[in-house]
Amino acid sequence: MKYIWLTLVLLSCRDFNYKDQPVVFSSESLELSQLQKAYSFLSKEDFDLKLKSSLERPLMFFRSFTNTYYADTKVPAQIPLALCLGDAHPENFGFILFKDRTDYVFNDLDEAGACPIALDALRYFTSLRMMGLSQRETSRYTRYYISKLTKPSNPPRLPANLREDLDKKRKKNLSKYTEASQFKSHEDFDELGQQEKAELLAVIKSNLSHLKVFDMTSVKKESGGSAGLVRYWLLIEDQNNVKDILELKPRVTAATSFSTDEPADYSVIQLAKEIWGELPLHFGEIELRESKYQIRSRSKDDINLTKLNDQEFDIVLKLQLWLMAKHHRQELESVPEQASRWLDFNTELIFKRYNQAYSDLKSQFN
């Protein structure tokens, strides 16, 4: 179903005064207690590790507390619910291997789900501000995004030097983490007990019988939105005798669910088909001890944004915005040009809120 998105918001404002429709926050300022509340499922030790790693830089802080963003930020009621990417920011795009090709896509479905669709775009543009782009620079990209919503076109083409060879990445991973068909010792790895191994192997065999499993280990991530959650890595070989490392990543309640009381439960398979159109290689979902895990190959890569020149950086961001607009366009019937002004105004409100919280917590804990 398509919606008339910000037209409804803007037409409700006299003379299209975008300042009459600001986002609304749940409190005057963003406090530590709000971060803790949205991540109450983490132990104190795991939350403290998550907080510490998040204070490495402003964008990491914003990335790390996605639940808080959706619980804390309310947009005008006229903006409809639709399938949102969830955690749209420049570091959540990358290369994924599909059956017969490598594509550059939005690559993290953890927080995808139903939300007021404007929150998706606001999260991306706030991320640009948190990573250091000026208000004027960010405004250029909101206008570009709106133009791609209203005037579909071919995507920007990545220069050849920015395209990644995922087979090379696969071999690099194998060399770095494995030896003689086993995982090497590593500070991030925890050896599994025999019972845990047996349970995991039984589930893998019943769901991925075409794969041969050589070894498995567990990994705890300390940074980003999924910090504090234990993952499993599997060393496998497929029917073509190609070895790879698969990751089993725990599925938790998507951050987008904090934005609405209306239930909309998507499986990771549904999300992948809706957002990518098809499933990547070795992609799926399994259940282990009543918890769901996303299966994906570790043979994936992204573009290091810090190493790009200005022209390359511009092309990459425009491609990301083209991809986001392509997804959002499926839900939108009409978006006026003035919508970019609404996005600019509210992006700045969110940026100032999170930047202040980052500075306060940085002073408090460092």
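**The sheet and its strands**

Tutor: Buried here means under 20% relative accessible area, exposed means over 50%, and partly exposed lies in between (1.4 Å probe, protein chains only). Strands are DSSP runs of E with at least two residues, helices are runs of H or I with at least four, and both are numbered from the N terminus. The model is a predicted one, in which local features need pLDDT of at least 70 and side-chain atom pairs count only at pLDDT 80 or more, whereas totals for chains, interfaces and linings use all residues. Residues are numbered from 1 along each chain as its sequence is written, and side-chain values use heavy atoms, with hydrogens and water left out.

The partner of β14 is described next. Strand β15 (residues 291-297) runs antiparallel to β14, and 5 bridges join the two; strands count as paired if DSSP finds at least two bridges between them. Within this pair, L288 has S291 of β15 as its bridge partner, and E287 stands opposite K292 in β15. The hairpin of β14 and β15 has 2 residues between the strands, and R289 takes a positive phi near 50 degrees there.

These two strands belong to an open sheet of 6 strands with antiparallel pairing, in the order β10-β11-β12-β13-β15-β14. The edges are held by β10 (189-190) and β14; each has a single partner strand, so one side of each is left without a neighbour in the sheet. Helix α8 packs on the sheet and touches β10, β12 and β13, and its direction makes about 80 degrees with that of β13. Contact means heavy atoms within 4.5 Å; axes are lines fitted to C-alpha atoms, for helices over the stretch in contact, and angles run from 0 to 180 degrees between N-to-C directions.

Because 7 of its 8 residues are buried, β12 is largely enclosed by the rest of the structure. Strand β11 (residues 212-220) runs antiparallel to β12 and is joined to it by 8 bridges; W233 in β12 is the bridge partner of T217. Strand β13 (residues 243-250) also pairs with β12 in the antiparallel sense, over 6 bridges, and here L234 has L246 of β13 as its bridge partner. Between β12 and β13 the hairpin has 5 residues, and N241 takes a positive phi near 65 degrees.

P155 is partly exposed, with a relative accessible area of 34%. Leaving aside its neighbours within four places in sequence, P155 is in contact with L319 and W322. From E274, P155 is 119 residues apart in sequence and 19 Å apart in space, C-alpha to C-alpha.
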